[in-house]
Each structure stands twice: as structure tokens, then as C-alpha cells.
Amino acid sequence: SGIRFGWEGHFRHNPPGRLSIGVGFEQSTVYVAPASQNFSVRLQSFFVEPRFVAGTIGANAAIYVAGRISDGTLSCVGTDCASETHWGIGGGAGVLTRLVGRAALDLGAQYYGFLPSDTDGGHPPHFLFFRAGISVGL
């Protein structure tokens with residue numbers, strides 16, 4: 001457990017209506033071993049994320065639900081171990097709040113896990129992410 005940070009970048013198409021679709025890349029450190037072991041595990045993945053606006057809060061905020069499917073790699077940093085590529089799936093929700101012009105604050109949470117058939121019979125890893133970011137419409 002503990003707090004670790006990551007980043008993501010994505011492009012989103014927002015046609016008229018409540019549904020939008022995004023594609024992007026994310027990278028997060030998902031495990032840090034005790035200092036004596038000197039390694040960590042990093043998740044890197046390309047993803048597709050549809051979002052549906054479930055409702056609004058006033059004129060400047062929207063509540064959304066989202067799904068995510070990805071092709072991701074778990075890799076070790078700081079020690080000699082193999083990387084593993086897995087398909088993953090997840091879902092989440094959040095609030096998008098307009099700040100100024102086309103800029104908005106995006107606060108959300110996402111539960112994400114690898115598919116069981118893609119983890120060599122072991123327990124598939126799963127993660128809970130909290131997101132805070134700024135989005136800018138073009």
C-alpha cells in the first residue's frame with residue numbers, strides 16, 4: 001500500500017451527446033518493495049476509454065462513468081526480472097468541472113485489473129487509481 005504517482009495523456013473525441021471516446025497512454029508505479037530489496041513495478045499501457053455523462057451539477061460540472069480496455073506491460077525497475085504484457089479492463093467514475101474557457105478539472109477514481117486468462121494461471125493483478133488532472137478542449 002502507500003501513495004504512488006503516475007501520469008497519463010490521452011485524446012478524446014466528444015461528439016454531441018453524452019458519450020465520448022478517448023485513446024491514450026498511462027504509466028504508474030504500482031508496487032515499491034522495501035528498501036532492502038531495491039525494486040519497484042511499473043505499469044505502462046495503451047488504452048481506449050469510453051465515457052458517458054451520467055448527469056450535471058449546475059452549469060459547470062458533469063458526473064461521468066467510464067470503461068477502459070488496455071494492452072499493458074508490468075515491468076520491474078531496479079532489478080533483473082522479466083516484463084509481462086497483459087490485456088486489462090476497468091471502470092470508474094469522476095467529475096469534470098469547468099475552470100476557465102476550455103480548461104476543466106478532472107477528478108475521478110478507476111478500478112483496473114488484468115484479465116485472468118492472461119496471467120499464466122496466477123491471481124490477476126488489480127489496482128485502484130485516483131486521478132486528478134487538467135483537461136483542455138481544442
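**Figure 1. The hairpin of S3 and S4.** In the hairpin that S3 and S4 form, three residues stand between the strands, and Gly-58 among the residues of this hairpin adopts a positive phi near 65 degrees. Strands here are DSSP runs of E with at least two residues, numbered from the N terminus, whereas helices are runs of H or I with at least four residues. The model is predicted: local features require pLDDT of at least 70, side-chain atom pairs count only at pLDDT 80 or more, and totals for chains, interfaces and linings use all residues. Residue numbers start from 1 along each chain as its sequence is written, and side-chain values rest on heavy atoms, with hydrogens and water left out. Strand S3 covers residues 40-57 and strand S4 residues 61-77; the two pair in the antiparallel sense over 15 bridges. Pairing requires that DSSP find at least two bridges between two strands. Phe-52 has Val-65 of S4 as its bridge partner, and Val-41 is bridged to Cys-76, also in S4.

Figure 2. The protein has seven strands and zero helices, and along the sequence the pattern reads β-β-β-β-β-β-β. An open sheet of seven strands is arranged in the order S1-S2-S3-S4-S5-S6-S7, with antiparallel pairing. Strand S1 (6-13) and strand S7 (126-136) are the edge strands, each pairing on one side only. From one strand to the next, the twist averages 20 degrees; the axes are lines fitted to C-alpha atoms (for helices over the stretch in contact), and angles run from 0 to 180 degrees between N-to-C directions. Taken along the principal axes, the C-alpha atoms of the protein fill a box of roughly 50 × 30 × 25 Å.

Figure 3. S2 and S3 pair in the antiparallel sense over 13 bridges, and Val-23 has Val-48 in S3 as its bridge partner. S4 is joined by 14 bridges to strand S5 (residues 84-100), and these two strands run antiparallel. In S5, Gly-91 is the bridge partner of Gly-67, while Trp-87 is that of Asp-71.

Figure 4. Arg-51 lies in strand S3 and counts as buried because its relative accessibility is 7%. Buried denotes under 20% relative accessible area, exposed over 50%, and partly exposed the range in between (1.4 Å probe, protein chains only). Of the 138 residues of the protein, 30% count as buried. The side chains of Arg-51 and Glu-49 are joined by a polar contact of 3.0 Å. Such a contact is a pair of N or O atoms within 3.5 Å; within protein, one must be able to donate a hydrogen and the other to accept it, and residues adjacent in sequence count only if both atoms are side-chain atoms. Arg-18, located in the loop between S1 and strand S2 (19-32), counts as partly exposed because its relative accessibility is 47%. From C-alpha to C-alpha, Arg-18 and Arg-51 are 8.0 Å apart in space, and they are 33 residues apart in sequence. Trp-7 and Arg-51 are 44 residues apart along the chain, and their C-alpha atoms are separated by 19 Å.

Figure 5. One cavity of 30 Å³ or more is present in the structure. On a 1 Å grid over the protein atoms alone, a cavity is a set of points where a 1.4 Å probe fits but cannot get out, and lining residues have an atom within 4 Å of a point. The largest cavity has a volume of about 50 Å³; grid points are joined across faces, edges and corners, and the volume is the space filled by probe spheres set on the points. Its lining includes Glu-49, Tyr-64, Arg-68, Gln-110 and Arg-131. S4, S5 and strand S6 (103-114) are the elements that give two or more residues to this lining, and S4 gives the most, with four residues. The lining of the largest cavity divides into four nonpolar, four polar and three charged residues. In this classification Ala, Val, Leu, Ile, Met, Phe, Trp, Tyr, Cys and Pro count as nonpolar, Asp, Glu, Lys and Arg as charged, and the others, Gly among them, as polar.

Conventions
On a 1 Å grid over the protein atoms alone, a cavity is a set of points where a 1.4 Å probe fits but cannot get out, and a pocket is an open set with protein on both sides within 12 Å along at least five of seven lines; lining residues have an atom within 4 Å of a point.
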